[in-house]
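Biologist: I'm new to reading structures, and I like to know where each label comes from. Can you take me through this one?

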Amino acid sequence: MRKKIIAGNWKMNYCVNRAEAFVDEIKDTINTDEVDVVICPNFMALDRISDLIDGTNIKLGAQNVYPEDKGAYTGETSVKMLSAIGVKYCIVGHSERRQYFNETDEFVNKKAKKLLEVDICPIVCVGETLEERESNNMFNVVEKQVRNSLDGIDKELMANKVVIAYEPIWAIGTGKTATAEQANEMCKHIRDVISKMYDEDTAQKVRIQYGGSVKPSNANEILNMSDIDGALVGGASLTNDFVAIVNY
Ligand code: PGA
């Protein structure tokens with residue numbers, strides 16, 4: 001039985017004080033018994049939020065990382081820097097980074113492997129554009145992303161540490177959600193790809209989230225689908241809606 005994992009991706013929102021006030025407000029009402037809850041604030045707020053959630057079951061996530069240990073990489077952050085302040089998860093390959101920062105599957109793969117070296121769980125995002133869906137190419141596109149982004153990752157780590165987030169680009173921040181059936185169909189497809197890359201046992205263990213306009217009104221239906229093991233929540237993770245989604 002896969003435990004659900006619901007992560008809030010705050011993107012470039014909330015300065016430190018606002019971030020602290022919000023987490024303070026939700027931290028005691030959020031259900032962390034049955035669901036793994038991850039909060040991914042902006043880098044500037046990570047350290048303070050880390051202290052604030054210490055002693056709760058809420059896990060800290062980062063939104064990005066650079067896959068080198070140290071050195072002349074102006075503006076970047078290493079896996080060890082994240083690990084040192086208590087980061088347990090890190091989003092990689094989000095479509096916004098693929099789109100605005102030209103990140104490729106190969107780069108995403110490097111980041112995922114580097115995170116696993118320090119025991120941070122990568123949340124690896126994949127998903128098709130509207131054009132790719134309308135031309136019925138979405139299964140091939142997502143299969144290629146999954147294969148390349150996860151290439152060479154050890155089987156045990158794949159089963160127990162990696163989280164995959166299926167986020168159709170046309171559903172992110174648009175208010176347009178994939179139907180629960182469409183989301184489940186793709187999550188099942190991803191699981192089949194993992195089964196082909198590894199084996200059925202690994203495929204049954206890996207957790208696959210859906211992301212794209214998840215809100216309290218659709219969370220229950222989405223999270224009750226057979227192959228959807230959680231949600232990556234953007235806009236709705238900035239308000240009390242996040243509590244409602246986690247308590248779906
Ligand atoms: P959204 O974003 O929930 O605002 O659609 C999801 C995401 O980008 O992770």
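Modeller: Strands (E, at least two residues) and helices (H or I, at least four) are DSSP runs, numbered from the N terminus. Keep in mind that this is a predicted model, where local features need pLDDT of at least 70 and side-chain atom pairs 80 or more, while totals for chains, interfaces and linings use all residues. Residues count from 1 along each chain as its sequence is written, and side-chain values use heavy atoms, without hydrogens or water.

Biologist: What makes β3 and β4 a pair?

Modeller: Two strands pair if DSSP finds at least two bridges between them. β3 and β4 have three, in the parallel sense, so they qualify. Then β4 (residues 87-92) pairs with β5 (residues 121-126), also parallel, over four bridges. There, Ile-91 stands opposite Ile-123 in β5.

Biologist: What holds paired strands together in general?

Modeller: Backbone hydrogen bonds, with the strands either parallel or antiparallel.

Biologist: In what order do the eight strands close into a barrel?

Modeller: They go β1-β2-β3-β4-β5-β6-β7-β8, with parallel pairing. From one strand to the next, the twist averages 25 degrees. At the β1 and β2 (residues 35-40) step, six bridges join the two, and Lys-4 stands opposite Val-35 in β2.

Biologist: Why is strand β1 called largely enclosed?

Modeller: Buried means under 20% relative accessible area, exposed means over 50%, and partly exposed is in between (1.4 Å probe, protein chains only). Six of the six residues of β1 (residues 4-9) are buried, so the rest of the structure largely encloses this strand. Lys-4, Ile-6 and Gly-8 point one way, while Ile-5, Ala-7 and Asn-9 point the other. β4 is mostly covered as well, with five of its six residues buried.

Biologist: What makes an aromatic pair "tilted"?

Modeller: Rings of Phe, Tyr and Trp (its six-membered ring) pair if their centres lie within 6.5 Å; planes under 30 degrees apart are stacked, over 60 edge-to-face, and the rest tilted. The structure holds six aromatic pairs. In one of them, Tyr-66 and Tyr-73 are 5.0 Å apart centre to centre, with 35 degrees between the planes, so the pair is tilted.

Biologist: What makes a nonpolar core?

Modeller: Buried Ala, Val, Leu, Ile, Met, Phe, Trp, Tyr and Cys residues, joined through side-chain atoms within 4.5 Å. The largest one here has 69 residues, and Ile-164, Ile-190 and Ile-194 have the most contacts inside it. Helix α9 (residues 180-197) supplies the largest share of this core, seven residues. Another core, of 12 residues, lies apart from it, with Ala-7 and Cys-40 among its members.

Conventions: Axes fitted to C-alpha atoms, helices over the stretch in contact; angles between N-to-C directions.
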